[in-house]
Amino acid sequence: MNLKTEAEKFMMNSETLTTKKALEKSQKRDDLINSEILSKIQSIYSLPVPDLIFQAQSIHREYHDPNRVQFCTLSSIKTGACPEDCHYCPQSARYKTDIEVHSLLSKEVVIEQAKEAKSQGSTRFCMGASWRDLPEGKDFDSVVELIQSVKSLDLEVCCTLGMVNKDQAQKLAEAGLHTYNHNIDTSPEFYSEIISTRTYDERIETLQNIHQAGIKMCSGGIVGMGESSEDRQRFLAVLASMNPYPDSVPINALVPVEGTPLEKQQIIDPLELVRMVATARIVMPKAMIRLSAGRRSLSDEAQAFCFVAGANSIHTGEKLLTTPNAGINRDHELMNKLGMQTLEKARL
Ligand code: SAM
Ligand code: DTB
Ligand code: SF4
C-alpha cells in the first residue's frame, strides 16, 4: 500500500466532507420557515429582558392561567440499544454510557408507574422508547395496550417512540393516544452536526402523519448543544411556521451525559432558556410550553423566571428517561413557594 497516496486520499475525503458540511450549512432551509415569522422572532428574541417578559406575560395571560403548571411524568418503557447517533443521547448503542438497558416494560409495571404519577399530581403520562421507528408486530400491539390502559386511569397519554408512518399513526389515534412527541431538536442547519442517521425531513414527515391522524403534536428541541443564537431562532421559526404549530413545545436544556459526544458541553446560561421560552410563548400563544430536561441544574429563581416567561408545564419525577430529574418533592415545594398550583388538564 502506498502510504502517501492513502494519506492524500484521507485528506481529500475529509476535504470533500468539510465542503459538503459547509455547503449544507450555507444552504438555508427557507422552505421550512415563514420569513415574516423569522423576522418577528429575530426582533423579539433580542429584546431587553423586561420588554421581552412583558410581552410574553401579556400573551400568556390571554391564553393560559399564569399561576398553573401541568405536571407530566415520563416513563422510559424501552431503554437503550438505539441504532441512532443523536450526539446528546445516552441511549444510543454507539456510546458507552451508564444506563440500564431494557426491553419493553410489562403492562403491570407501567400501570403502577402511571398510578404513582397520578397520585403525585401529574395529569399527563408520557411513554418514551429508544426506537428509531416504531416497530410492527408484538411490540406495536403492546404499545397499543399500554396506551389504552394508561388512558383508562384518566391521564392524558403521550408517547415518544421514534418515527411513525401514516398507518401506525391512525392505529395510535384509535387506541386513544392524546399526544405524540417527536422533536425537531434544533435548526435545520445545525441538525447535521448532531444527528446523521435520520434526516430533518423524516422528522417533519412523522409530525405530519401524527397531525393527519388527529393526534396532538408535541415538538420542540434542545438548547445548549453548541448552536448559535441564530440556530435557536431558526429552530423556533420552523416550529412556529408549521400549520398548525405544535400543541405542545418542549424546551430541553442539554443534560451532558458522560460517554456521549456532547459530554463536555457547558450548561446553558439560564437566561438563554428564559429568552427561548418567552419567544416560543409569543409566537405560539396557544401551545403548552414545556420546561423539560435540564431543570435539575436550574435554581428556583431561574425556573420561576421561565414560568413568568410563559412555561406552563414541567416533567416531574425522580428521573426523566434515563437521567436524574428535580424530584417530585422539590417540584411541589417550588409550586408552594411561588404560590402556584398544578394544572388539571391542558386546555388544548
Ligand atoms: N427515540 C425517540 C426519538 O428520538 O424520537 C424518543 C425518545 S428521545 C430520548 C426524546 C427526546 O429527548 C429527544 O428528541 C431529545 O430532544 C431529548 N433528549 C434526549 N437526550 C437528551 C439530553 N441528554 N438532554 C436533553 N434532551 C435530551
Ligand atoms: C422531551 O422533549 N424531553 C423529554 C421528553 N420529550 C420525552 C425527554 C428528555 C430526556 C432527557 C435525557 C434522559 O433522561 O435520557
Ligand atoms: Fe435513539 Fe431517540 Fe436517543 Fe436518538 S434520541 S439515540 S433516536 S433514543
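Biologist: Which residues of helix 9 are buried?

Modeller: This is a predicted model, in which local features need pLDDT of at least 70 and side-chain atom pairs count only at pLDDT 80 or more, while totals for chains, interfaces and linings use all residues. Residues are numbered from 1 along each chain as its sequence is written, and chains are lettered from A and ligands numbered from 1 in the order in which they are written. A residue is buried if 20 or more other C-beta atoms, placed from the backbone, lie within 10 Å of its own, exposed if 12 or fewer, and partly exposed in between. In helix 9, ten of the 13 residues are buried, namely D231, R232, Q233, R234, F235, L236, A237, V238, L239 and A240.

Biologist: Which elements are included in what covers the buried residues of helix 9?

Modeller: Helices (H or I, at least four residues) and strands (E, at least two) are DSSP runs numbered from the N terminus. Contact requires C-beta atoms, placed from the backbone, within 7 Å. The cover of the buried residues in helix 9 includes helix 2 (35-45), strand 6 (221-223), strand 7 and helix 10 (270-283).

Biologist: Why does the end-to-end distance of helix 9 agree with its number of residues?

Modeller: The expected span is 1.5 Å times one less than the number of residues. Helix 9 (residues 229-241) has 13 residues and should therefore span 18 Å; the distance between its end C-alpha atoms agrees, at 18 Å.

Biologist: What is the bridge partner of R124 in strand 3?

Modeller: Strands pair if DSSP finds at least two bridges between them. Strand 2 (residues 124-129) and strand 3 run parallel and are joined by five bridges. Within this pairing, the partner of R124 is E156.

Biologist: Which residue of strand 4 is the bridge partner of C159?

Modeller: Strand 3 (residues 156-160), with four of its five residues buried, also pairs in the parallel sense with strand 4 (residues 179-181), over two bridges. In strand 4, C159 has as its partner Y180.

Biologist: Through which helix does the chain cross from strand 3 to strand 4?

Modeller: A crossover is right-handed if, with the strands pointing away from the viewer, the path from the first strand over the helix to the second runs clockwise. Strand 2, helix 5 (residues 138-151) and strand 3 form a right-handed β-α-β unit. The crossover from strand 3 to strand 4 is right-handed and passes through helix 6 (residues 166-175).

Biologist: Which residues come nearest to ligand 1?

Modeller: A residue is near a molecule if its C-beta atom, placed from the backbone, lies within 6 Å of it. Of the 19 residues around ligand 1, the nearest are T160, N183, N252, V255 and A293.

Notes:
Contact = placed C-beta atoms within 7 Å.
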